[in-house]
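Here's a quick briefing to read with the structure open. It walks through strand pairing and then the nonpolar cores.

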Amino acid sequence: MGGRGKAPNDLELEAGARAHFEDPQYYAETYDWRDEDVLYYRAIAEERGEVLEHGIGNGRVALPLARAGVKVTGIDHTEAMLDHLRARLVQEEPAVRKRVTLHQGDLRTKKLGRRFPLVICPFNAALHFYTREDVEQWLDRTREHLAPNGELVFDISMPLPKDLARDPNRAYRIAPFEHPNLGRVAYREHFDYDAVRQVLFVSMFFEPSPPKKSAKKKANPKQLTETFMTPLAHRQFFPREMEALLHYNGYEVREVYGDFARGPFVPASDIMVWHARPKKGWKR
Ligand SMILES: C[S@@+](CC[C@H](N)C(=O)[O-])C[C@H]1O[C@@H](n2cnc3c(N)ncnc32)[C@H](O)[C@@H]1O
C-alpha cells in the first residue's frame with residue numbers, strides 16, 4: 001500500500017524531517033559511499049580553514065573535512081545523529097576530534113553568536129524547510145553566522161517530473177539486504193507528491209525477509225519481526241523559486257552548478273549546487 005496516512009500536516013512534516021535520521025547506523029551504511037559531494041565541500045572548506053555545517057548529521061562530510069585540517073562547527077536537531085558522530089570522533093586522532101564542535105538545535109532558530117567564512121548545508125538538508133517562513137528563518141540565521149564576504153553553499157536535488165508523477169500505490173523495491181540493526185530485510189519505497197505544498201513524501205517500508213539459504217541456521221537475535229515504515233518529506237524547490245527566495249531574502253547568487261564537478265546547471269541536471277552571499281547592508 002502507498003499513501004501517507006492521516007497525520008496532521010505539521011506532524012507529517014515533522015516526522016518527515018526526523019524519522020530517517022533516527023537510525024544513524026543505517027544512514028551511514030546507506031550513504032557513506034557518497035564521496036563526490038564530500039570532496040567538493042572539502043575543497044571549498046580547505047580554502048577557508050573553517051566552516052559551519054548546517055545539518056551535520058553523523059559526520060559523513062564533517063569528518064573528512066576535520067581530517068583535512070578544517071575546523072568544523074556543526075548544528076543538527078537529531079540527537080541520535082550527533083551521538084553517532086561523537087562516537088565516531090572517539091576513534092579519531094585527538095587533533096581531528098579537537099577541530100569538531102557540535103551543537104544540538106534547529107537550523108531555523110539556533111544562534112551561535114559567532115561568524116564563519118563558510119556555511120555549508122549538504123545533501124538535501126535544506127529540503128526540510130517546508131514553508132517560506134522556514135526558508136526565511138534559515139537564511140536569517142545563516143546571515144547572522146556569516147563573516148563579511150562569507151559564503152553559503154548548499155546542494156539540493158532537482159525536482160524531477162518522473163519522481164513527482166509516480167503513482168503512490170506503486171512499490172519501488174530493491175533486493176533484500178542485511179540491515180545493520182534489523183538483520184535481513186526486504187525494502188520498498190512509495191512516492192507521493194503533494195503539488196500544493198510542493199513536498200515529495202517518501203514512505204520507506206522495511207519488511208522481515210527470510211535469511212539467505214547459505215546463512216547459518218542460528219536465529220538472528222536482531223531479525224525484524226514486523227513491517228514498519230519510515231517517512232521522509234522533501235520540499236521540492238524549483239530553480240527559479242530558490243533563486244527568488246535567495247534574492248528576496250537578501251542574498252546574491254554567485255554560482256549554481258549542476259554537479260559536484262562544477263558542471264553547468266542544465267535541464268538534465270539532477271542536483272543544484274548553490275553558492276550565495278548575503279548582500280551588503282540588506283535589512284529585512
Ligand atoms: C541528509 S542529512 C545530511 C547529514 C550530513 N550533512 C550528510 O551530508 O551526510 C540531513 C540532516 O539535517 C538534519 N536536519 C533536518 N532538518 C533540520 C533542522 N530544521 N534543524 C536541524 N537539523 C536538521 C537532520 O537531522 C539530518 O541529520
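Two strands count as paired here if DSSP finds at least two bridges between them. Keep in mind that this is a predicted model. With that in hand, strands β6 (residues 172-179) and β7 pair in the antiparallel sense over six bridges.

**Around strand β7**

- Going from β6 to β7, you pass through a hairpin with three residues joining the strands.
- Strand β7 (residues 183-194) has 11 of its 12 residues buried, so it is largely enclosed by the rest of the structure.

**The nonpolar cores**

- The largest nonpolar core has 28 residues, and the members touching the most others are W138, L152, F154, I156 and L246.
- At least two residues of this core come from each of β4 (116-121), α7 (132-145), β5 (146-157), α9 (239-248) and β11 (271-278).
- The biggest contributor to this core is β5, with four residues.
- Beyond its neighbours within four places in sequence, W138 is in contact with H54, L107, R108, C121, A126, F129, L152 and F154.
- There's also a second, separate core of 27 residues, with I44, F260, I271 and V273 among them.
- As general background, nonpolar side chains tend to be buried together in soluble globular proteins.

Conventions. Residues numbered from 1 in each chain as written. Predicted model: local features only at pLDDT ≥ 70, side-chain atom pairs only at ≥ 80, totals over all residues. Heavy atoms only, no water. Core = buried A, V, L, I, M, F, W, Y, C linked by side-chain atoms within 4.5 Å. Buried < 20%, exposed > 50% of the residue type's maximum accessible area, 1.4 Å probe, protein only. Contact = heavy atoms within 4.5 Å.
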